Amino acid sequence: MDRRHLLRNSLALGGVLGMGGCAGQSAPPATAPAAKTASTVLQMDRPPVLAPVRAHADRFFDFKVCLRPFRTKGPRLDVEQIGDALVVHNYGHGGSGWSLSWGSAEMAVEKALSGSPKEVAVIGSGIIGLTSAITAQRAGAQVTIYTRELLPRTRSVRANGSWTPDSRIALAGEAPANFGDTWEQMARISWKNFRPYIGMAGNPIAFADHYYLTDAPRGTPQPVDATVPPLPPPTWTGAPTSGEDFAKYSDRIRDITPYPQQLEADINPFPVKYASRTTNMFFNFTEYGHLLTTEFFARGGKIVMRDFHSPSELGHLPQKVVINCPGFAARDWWQDKAMVPVRGQTGWLIPQPEVNYGLTYRNVQILSKSDGIMVIALENGELKGYNNSNESVNRVESENAVKVIDDLFARFPVSRA
Ligand SMILES: Cc1cc2nc3c(=O)[nH]c(=O)nc-3n(C[C@H](O)[C@H](O)[C@H](O)COP(=O)(O)OP(=O)(O)OC[C@H]3O[C@@H](n4cnc5c(N)ncnc54)[C@H](O)[C@@H]3O)c2cc1C
């Protein structure tokens, strides 16, 4: 029995050695550097034995739908005066809010604290509001959060939750010329801020290997699934028609987010012709959210449950400096026409702690997290869900997606030896 066969059998039998679960990145770029040949891949870098995913529709125990707060011009971080309140905006982070949160918070807080106020109000307690609030506290301010929902009910916790700092962050044609520099700063500050959470009990933030599997060589057209309907035409001028229309900046941070490396045939553990692998960072929302909320209260933070209906209400708050983090709600509340909903749905399979990797295959991505195995359909890439504000669950979407993974694992030969 050769090594590849052994690996396959071990996978089919549920053997496991240390790996981690992750997902969330778009398909690896075609321009990735040439792969190492198997002979040069050291033993410790070869894929370990992988536990199989029990990818069956009857193991779904939850579905979540979320609207990415996509802003065609990139996140809004400007300042405006409302009554006698200085309002610093911090919203519109598209599919990158978890990833860019600390960097964006630092930029917003710098503006908010420019006049050295003692007290600051933060609107919203999604990931952008919470990190803004804590950043202001760490700089010495007393902070009150005003919010309609607490973190567990916000759109933030309906996300995927991987390090995806340039996912649907702006349209290339609409982002300001210097936004690439701002983005890089945000990404690098955030990356540094995640560091203290690595290795903490409960793994609030962790790293895991992610496999990209393809039937044809990466960067060439893949076999088309005839059951998938074609993309509907864009509904207005300026709408993106391809993934190329989204601003992409990842090349600026290849030192911290390297390209995936191709796995040569003899070390590819999957029953699929082409595989590449990278290691990605991801967020376990429950543990990470708990730590953030605990820190906020430990630093004397207060939360007031409140629903705002017009910007002028901010002028009547007792705090005269406000950091505004309403997420997608900014479209209606602030009449921000640059905000476009990008719907995303995740299905959740019963957790399998022994599965500690993620994979992407035939437009389906899975990510094993502490609270379940997330399954997400990616068909049409970043255009999927564009300008779709329907927040109802479409169970069939998740069931079709899990079938792809079910079929993949069913292809592993079972050994009785
Ligand atoms: C399917 C999906 C997958 C994603 N995957 C990733 C990923 O892998 N990595 C990543 O980095 N990002 C990802 N994202 C994006 C990320 O989730 C968002 O960018 C981020 O959650 C936005 O956070 P937020 O705090 O701005 O908004 P929200 O979480 O929506 O929080 C807004 C807050 O404002 C409050 N609020 C709004 N309006 C009012 C009002 N009128 N009065 C009072 N309070 C108000 C709300 O109650 C809430 O507390 C994903 C998103 C989706 C949908």
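Predicted model: local features only at pLDDT ≥ 70, side-chain atom pairs only at ≥ 80, totals over all residues.
Biologist: Why is S398 called buried?

Modeller: Buried means under 20% relative accessible area, and S398 comes in at 2%, so S398 counts as buried. The residue sits in helix α7.

Biologist: And which residues is S398 in contact with, leaving aside its neighbours within four places in sequence?

Modeller: F60, F63, Q345, T346 and G347. Contact here means heavy atoms within 4.5 Å. Helix α7 as a whole (residues 395–410) packs on a sheet, touching β1, β6, β11, β12, β13 and β14. The direction of α7 makes about 50 degrees with that of β11.

Biologist: What is the strand order in the sheet of eight strands?

Modeller: β1-β11-β14-β13-β12-β6-β8-β7, an open sheet with mixed pairing.

Biologist: What makes β1 and β7 edge strands?

Modeller: Each has a single partner strand, so one side of each is left without a neighbour in the sheet. From one strand to the next, the twist averages 25 degrees.

Biologist: How do you know that β1 and β11 pair?

Modeller: Two strands pair if there are at least two bridges between them. β1 and β11 (residues 339–349) have eleven, in the antiparallel sense, so they count as paired. One of the bridge partners is L349 in β11, which goes with F60.

Biologist: What makes β12 "mostly covered"?

Modeller: Five of its five residues, 357–361, are buried. Y357, L359 and Y361 lie on one side, with G358 and T360 on the other.

Biologist: Which strands does β12 pair with, and in what sense?

Modeller: β6 (residues 205–214) pairs with β12 in the parallel sense over five bridges, and D209 has Y357 as its bridge partner in β12. In the hairpin of β12 and β13, two residues lie between the strands, and R362 takes a positive phi near 45 degrees.

Biologist: What order do the strands take in the open sheet of six?

Modeller: β2-β3-β10-β4-β5-β9, with mixed pairing. β2 and β9 stand at the edges: each has a single partner strand, so one side of each has no neighbour in the sheet. On average, neighbouring strands are turned by 25 degrees against each other, direction ignored.

Biologist: How do you know that β4 and β5 pair?

Modeller: The cut-off is at least two bridges, and β4 (residues 119–123) and β5 (residues 142–147) have five, in the parallel sense. I123 has Y146 as its bridge partner in β5. Helix α3 (residues 127–138) lies across β4, β5 and β10, running at about 165 degrees to β5.

Biologist: Now the second largest pocket. What is its volume?

Modeller: About 340 Å³. Of the 17 residues lining the pocket, the closest to its centre are L150, L151, P152, R153 and V157. Helix α5 (residues 285–298) gives the most to the lining, with six residues.

Biologist: How does that lining divide by class?

Modeller: Eight nonpolar, five polar and four charged residues.

Key: Residues numbered from 1 in each chain as written. Heavy atoms only, no water. 1 Å grid on protein atoms, 1.4 Å probe; cavity = no way out; pocket = protein on both sides within 12 Å on 5 of 7 lines; lining within 4 Å. Points joined across faces, edges and corners; volume = space filled by probe spheres on them. Helix = DSSP H or I, 4+ residues; strand = E, 2+ residues; numbered from the N terminus. Nonpolar A, V, L, I, M, F, W, Y, C, P; charged D, E, K, R; others polar. Buried < 20%, exposed > 50% of the residue type's maximum accessible area, 1.4 Å probe, protein only. Axes fitted to C-alpha atoms, helices over the stretch in contact; angles between N-to-C directions.
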